[in-house]
Amino acid sequence: MKRFYMIFAVAAMAALTLLSCEKYEDGKPAKSVRSEFAEMYPDARDVEWEAEAGYWKVSFETGKAPAVQDHEAWYDVSGNWIRTETDIVASALPQSVKDALAASEYASAVLSGSDIEYVETPDGIYYEIEVRYGGVEVTLKVTEDGEVSLAFPTI
């Protein structure tokens, strides 16, 4: 009898696993999404796809050692590019961004580690910078033309 229950449990788990599979057979987005990505980033390496919040997020690397860069790009289910985030170091921030921060109400903020992202969207480019301000960690959005604001997740 135990054997019957064990076989039944294994079969039920297998059925649940099959029912929870992603929409696409290979666990990746539709060909239109992959094609758009391949066109935008032909030199991408270590590509990993993940469905998240109704979008496809792809993590990948570009460049060669020692200048390897980590990126995350977001696409909607139709293959439209939403944004790309690239990790950068504080020393790579343009002087205009540093000056904008120094002249803003967040001038006393302290960088929280090294979490700075260069963000490209169809509407423009900006930097997301995590800082500690007034005892709280916040993410600032700083455009290259000097606009500083609190960043809120767009995805």
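## Exercises on a predicted model

Helix α3 supplies three residues to the lining of the second largest pocket, the largest share of that lining. The model is predicted, so local features need pLDDT of at least 70 and side-chain atom pairs count only at pLDDT 80 or more, while totals for chains, interfaces and linings use all residues. Residues are numbered from 1 along each chain as its sequence is written, and side-chain values use heavy atoms, with hydrogens and water left out.

**Exercise 1.** Describe the lining of the second largest pocket by element and by class.

*Solution.* Begin with the terms: helices (H or I, at least four residues) and strands (E, at least two) are DSSP runs numbered from the N terminus. A pocket is, on a 1 Å grid over the protein atoms alone, an open set of points where a 1.4 Å probe fits, with protein on both sides within 12 Å along at least five of seven lines, and its lining residues have an atom within 4 Å of a point. Next, list the contributors: α3 (95–103), β5 and β6 (124–133) each give at least two residues to this lining. Of the 13 lining residues, Leu 101, Ala 109, Leu 111, Ile 129 and Val 131 lie nearest the centre. Finally, sort by class: twelve are nonpolar, none is polar and one is charged, where Ala, Val, Leu, Ile, Met, Phe, Trp, Tyr, Cys and Pro count as nonpolar, Asp, Glu, Lys and Arg as charged, and the others, Gly among them, as polar.

**Exercise 2.** Decide whether Thr 121 is buried or exposed, and find its contacts.

*Solution.* Thr 121 belongs to strand β5 (residues 110–121). Because its relative accessibility is 18%, Thr 121 counts as buried (buried is under 20% relative accessible area, exposed over 50%, partly exposed in between, with a 1.4 Å probe and protein chains only). Leaving aside neighbours within four places in sequence, Thr 121 is in contact (heavy atoms within 4.5 Å) with Trp 81, Ile 82, Arg 83 and Tyr 126.
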